[in-house]
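Reader: Please take one part of this structure and look at it closely. Keep it brisk, and connect what you find to its surroundings.

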Amino acid sequence: MRTVKLFFLLPLIAVILQTCKTEPIKVYDSVENMIDEATVKAEYIDVEMLKRMIENDHEFVFVDCRQPEVYIEGHIPGSVNIPRGILEFSDIISNRRLPVYIYCNDCKKSVLAAKSLELLEYPVVMVIKGGWKKWKETYPELIEIGKDSAAEVKFQVAVQDWAF
């Protein structure tokens, strides 16, 4: 009887241990190495394709992950500003069914932001190839300036709520 119990118990323990297996935590030597790996793994969309999607009224979310003061100086029309440092805590892009296209000045922050959104199980996250610099160079007539971002307003409210 004891052998029979052990016969059923050992495979059950093995299954439980296998399902509890976690991924090892990756440690990087430098921020540059972390950015390099994220850059290789990221999916990209070029600014020309993005412009066509805008013109055809596709549904998606633009995320500008630069700081609010830089965003206000100029950004892609329709983008929402969620700085890289608060992206994971933001509820602004709560609809995970919509594709998310993310950019910063030169793609360094945006590849890390894309990695974070993928870990949060956003199914379609793409980095805008060349970032803000490429958009501004290619479409200087399609720049929005001076608009307050929803993320900045929510961040200011949160800071005021935390103030003692």
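Author: Start at Asp-57, which is exposed, with a relative accessible area of 67%. Exposed means over 50%, buried under 20%, and partly exposed in between (1.4 Å probe, protein chains only). The model is predicted: local features need pLDDT of at least 70, side-chain atom pairs count only at pLDDT 80 or more, and totals for chains, interfaces and linings use all residues. Residues are numbered from 1 along each chain as its sequence is written, and side-chain values use heavy atoms, without hydrogens or water.

Asp-57 is not a glycine, yet its phi is positive, near 55°. It sits in the loop between α3 (47-55) and β2 (61-64). Helices are DSSP runs of H or I with at least four residues, strands are E runs of at least two, and both are numbered from the N terminus.

Glu-121 is another non-glycine residue with positive phi, about 65°. Its loop runs between α5 and β5 (125-128). Glu-121 is exposed too, at 65% relative accessibility.

Now follow α5 to the largest pocket. α5 gives the most to that lining, with five residues. The pocket has a volume of about 340 Å³. A pocket here is an open set of points on a 1 Å grid where a 1.4 Å probe fits, with protein on both sides within 12 Å along at least five of seven lines; lining residues have an atom within 4 Å of a point. Of 14 lining residues, Tyr-28, Glu-37, Lys-41, Lys-115 and Leu-119 are closest to the centre. α2 (31-41) and α5 (108-119) are the elements giving two or more residues.

Note on methods
Grid points are joined across faces, edges and corners, and a volume is the space filled by probe spheres set on the points.
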